[in-house]
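The sequence and the coordinates come first.

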Amino acid sequence: DRFGRYRVIASYALMSATSILALPMLPFGSAGFVVAMVCTGFFTWGSFQGLNILTPIVYPARLRSAAVGWKGGVSRFASSAPPLISGVLLSQAAGLKVAMLVSAVPMMLVVLLTPLLAALERRMDKEN
């Protein structure tokens with residue numbers, strides 16, 4: 001609450017994307033690689049769980065059930081699609097850096113769209 005929920009979620013998503021992008025730059029198995037891998041999991045999971053908490057807050061009562069369901073589906077897609085797309089890119093010899101760049105895109109979308117959620121919450125507060 002001290003830092004604001006939207007700032008925390010956007011920061012977690014940014015840290016997730018940064019750690020994903022750091023993975024191909026670090027030697028496999030090194031301490032830095034392990035730290036980046038742990039940070040990737042921690043910050044990705046944290047940002048998605050933060051969005052789980054925000055969804056019922058942002059949407060009006062009549063839409064909450066559908067919004068939570070859609071958010072769950074989008075989160076599953078966002079966490080499943082990048083590894084699949086990266087696997088295809090790697091099989092086409094696109095390179096590890098390109099594959100990790102694609103994997104970081106969903107987290108960057110969270111960073112970019114979090115201000116929209118903040119605006120939606122402010123609009124709902126004005127209406128109520």
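A polar atom of the Ser47 side chain lies 3.0 Å from the backbone oxygen of Thr44. The model is predicted, and Ser47 belongs to its helix H2. With a relative accessible area of 0%, Ser47 is buried, because the cut-off for that class is under 20%.

**Surroundings of Ser47**
- Leaving aside residues up to four places away in sequence, Ser47 touches Ile9, Tyr12, Ala13 and Met107.
- Helix H2, which holds Ser47, spans residues 31-58.

**Packing of H1 and H2**
- Helix H1, made of residues 5-22, packs against H2 at an angle of about 150 degrees.
- The axes of H1 and H2 are 8 Å apart.
- Since angles over 145 degrees count as roughly antiparallel, H1 and H2 are therefore roughly antiparallel to each other.
- H1 and H2 cross in a left-handed sense.
- In the contact of H1 with H2, 15 residues are nonpolar, 7 are polar and 1 is charged.

**Ser103 in H4**
- Ser103 sits in helix H4, which covers residues 96-127.
- The relative accessibility of Ser103 is 13%, and Ser103 therefore counts as buried under the 20% cut-off.
- Ser103 touches Ile20, Pro82 and Ser86, with residues up to four places away in sequence not counted.
- Ser103 and Leu90 are 13 residues apart along the chain, and 12 Å separates their C-alpha atoms.

Conventions:
Residues numbered from 1 in each chain as written. Predicted model: local features only at pLDDT ≥ 70, side-chain atom pairs only at ≥ 80, totals over all residues. Heavy atoms only, no water. Axes fitted to C-alpha atoms, helices over the stretch in contact; angles between N-to-C directions. Helix = DSSP H or I, 4+ residues; strand = E, 2+ residues; numbered from the N terminus. Parallel < 35°, antiparallel > 145°, perpendicular 65-115°, else oblique. Left-handed = near helix turned anticlockwise from the far one by under 90°. Nonpolar A, V, L, I, M, F, W, Y, C, P; charged D, E, K, R; others polar. Buried < 20%, exposed > 50% of the residue type's maximum accessible area, 1.4 Å probe, protein only. Polar contact = N/O pair within 3.5 Å; in protein donor to acceptor, adjacent residues only side chain to side chain. Contact = heavy atoms within 4.5 Å.
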